[in-house]
Amino acid sequence: MEMNPLTKHGFIPIVFIVISFLVYLSTLCPTVYLGDSGELTAAAFSLGIPHNSGYPLYAILGKLFCLIPTGNIGFRMNLMSAFFASLTVWIVYSLILRITSSKISAFAGAFFMAFTPVFWFQTVSAEVYTLHTFFVALLTRLLWWWDEKRTFSILALFVFITGVSFGNHMQTVMLAPAVLFIILSGDRKAILNVRHFLALSLFFVLALSIYLYLPIRTGAGAAIHWGDPDSLDRFLGHVSGRSHRAGYVFNKRPIEYLLRTKEALFFVVSQFGVMLLFSAWGWLRLVSRRWQIFFVLVIVFDFIYTVFLNTIS
């Protein structure tokens, strides 16, 4: 029987998880941090509803971390960020190893990502981003696995996990063009077959049902209930971010978007530096042209989100 591709590489991934987690733990904020950290911590502790889009998965998982008998509640929620960051490092190692068959490349790539300043910074306090990177890495790994095997069960698992990922962050939608390209160019019948499409839709909707948490907890009188999403209109407004995105989405002058583009490019270069050259070299050495296109689409649409759809560049 073939082992799960995420668990068959033995000792090295375990070392990665332990070392990265210990480093993150040593730099962890000991209490509630700045920004959204306080709101997210309070929402998780009270099983409440934070700002748009509600982040139901984050709140539920956060509540579990709040039950860990160590430190204060703020520290426990910060611990959650470090935990999912370490899992992200493990999956990235697995993905690079599968693509390159090189343990050195996998180690170098995962190690560099683990301690890139922007990633490391997200591990020290309560935020939704390391959980999001965990899902992005996991979905990419599952999609690669499906492309190797082309089985419906793997695709169904991928679709379900995609829906669960939406329960943490709506930016998951920016993966859609790249994902659809891989599936349609690999085996279009996998989703265009009517029975497959209906079954996959069912898995996706089932995973999305986690958003029922919002009206349920509002009706239960949660201490934090941002947006009061217990009616259909308020629910849709909260999940879509309608109440605040109207203030900055596609309403700036062209020069402002050019400045945001410049800022985003400078930020990427300042964070990754010479590793961008190694990344480009690895991309060029990809055997599959389809997967080259996949990674380009991921970067392009994430960049579009950063420049045009996010509050800050």
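This note goes through selected features of a predicted model, point by point.

1. Basis. The model is predicted, so local features need pLDDT of at least 70 and side-chain atom pairs count only at pLDDT 80 or more, while totals for chains, interfaces and linings use all residues. Residues are numbered from 1 along each chain as its sequence is written, and side-chain values use heavy atoms, with hydrogens and water left out.

2. N168. This residue sits in the loop between α8 (152-166) and α9 (176-187); helices here are DSSP runs of H or I with at least four residues, numbered from the N terminus. N168 has a relative accessible area of 0% and is therefore buried (buried means under 20% relative accessible area, exposed over 50%, and partly exposed in between, with a 1.4 Å probe and protein chains only). A polar atom of the N168 side chain lies 3.2 Å from the backbone oxygen of V128. Leaving aside residues up to four places away in sequence, N168 touches Y55, L57, Y58, V128, L131 and H132, where contact means heavy atoms within 4.5 Å.

3. The loop between α2 and α3. Y55, one of the residues touched by N168, belongs to the loop between α2 and α3. Y55 is not a glycine, yet its phi is positive, at about 45 degrees. Y55 is also buried, with a relative accessible area of 9%. S53 lies in the loop between α2 (37-45) and α3 (56-66), and the peptide bond from N52 to S53 is cis, with omega near 10 degrees. As background, most residues other than glycine have a negative phi, and most peptide bonds are trans.

4. R150. Another positive phi in a residue other than glycine is found at R150, with a value near 55 degrees. R150 is in the loop between α7 and α8. Its relative accessibility is 34%, so R150 counts as partly exposed.

5. Helix α9. The twelve residues of α9 reach 16 Å from the first C-alpha to the last, close to the 16 Å expected at 1.5 Å a residue (the expected span is 1.5 Å times one less than the number of residues). Which residues of α9 are buried? They are A178, V179, I182 and I183. Seen down the axis of α9, these buried residues fall within an arc of 125 degrees, so they line one face of the helix; the arc is that of the directions from the helix axis to the C-beta atoms. The buried residues of α9 pack against α7 (129-149), α8, α10 (189-192) and α17 (289-309).

6. Helix α5. Helix α5 (residues 103-114) also has twelve residues and reaches 16 Å from its first C-alpha to its last, close to the 16 Å expected at 1.5 Å a residue. Its buried residues are A106, A110, M113 and A114. They cover an arc of only 105 degrees around the axis, which puts them on the same side of α5. In general, an α-helix has 3.6 residues a turn, so residues three or four places apart point the same way. The cover over the buried residues of α5 includes α1, α4 (73-100) and α6 (117-121).

7. The second largest pocket. Its volume is about 460 Å³. A pocket is found on a 1 Å grid over the protein atoms alone, as an open set of points where a 1.4 Å probe fits, with protein on both sides within 12 Å along at least five of seven lines; lining residues have an atom within 4 Å of a point. Among the 19 residues that line the second largest pocket, V159, T162, V179, L180 and F204 are the closest to its centre. Four helices, α8, α9, α10 and α11 (194-208), each supply at least two residues of the lining. The largest share, five residues, comes from α11.

8. T218 lies in helix α12 (residues 213-219) and is buried, with a relative accessible area of 10%. T218 touches I49, H225, D228, P229 and D230, not counting residues up to four places away in sequence. In helix α13 (residues 232-240), the buried residues are F235, G237, H238 and V239.

9. L22. This residue is in helix α1 (residues 11-26). Is L22 buried or exposed? L22 counts as exposed, at 51% relative accessibility. L22 and G221 are 199 residues apart in sequence, and their C-alpha atoms are 38 Å apart in space.

Key:
Polar contact = N/O pair within 3.5 Å; in protein donor to acceptor, adjacent residues only side chain to side chain. Points joined across faces, edges and corners; volume = space filled by probe spheres on them.
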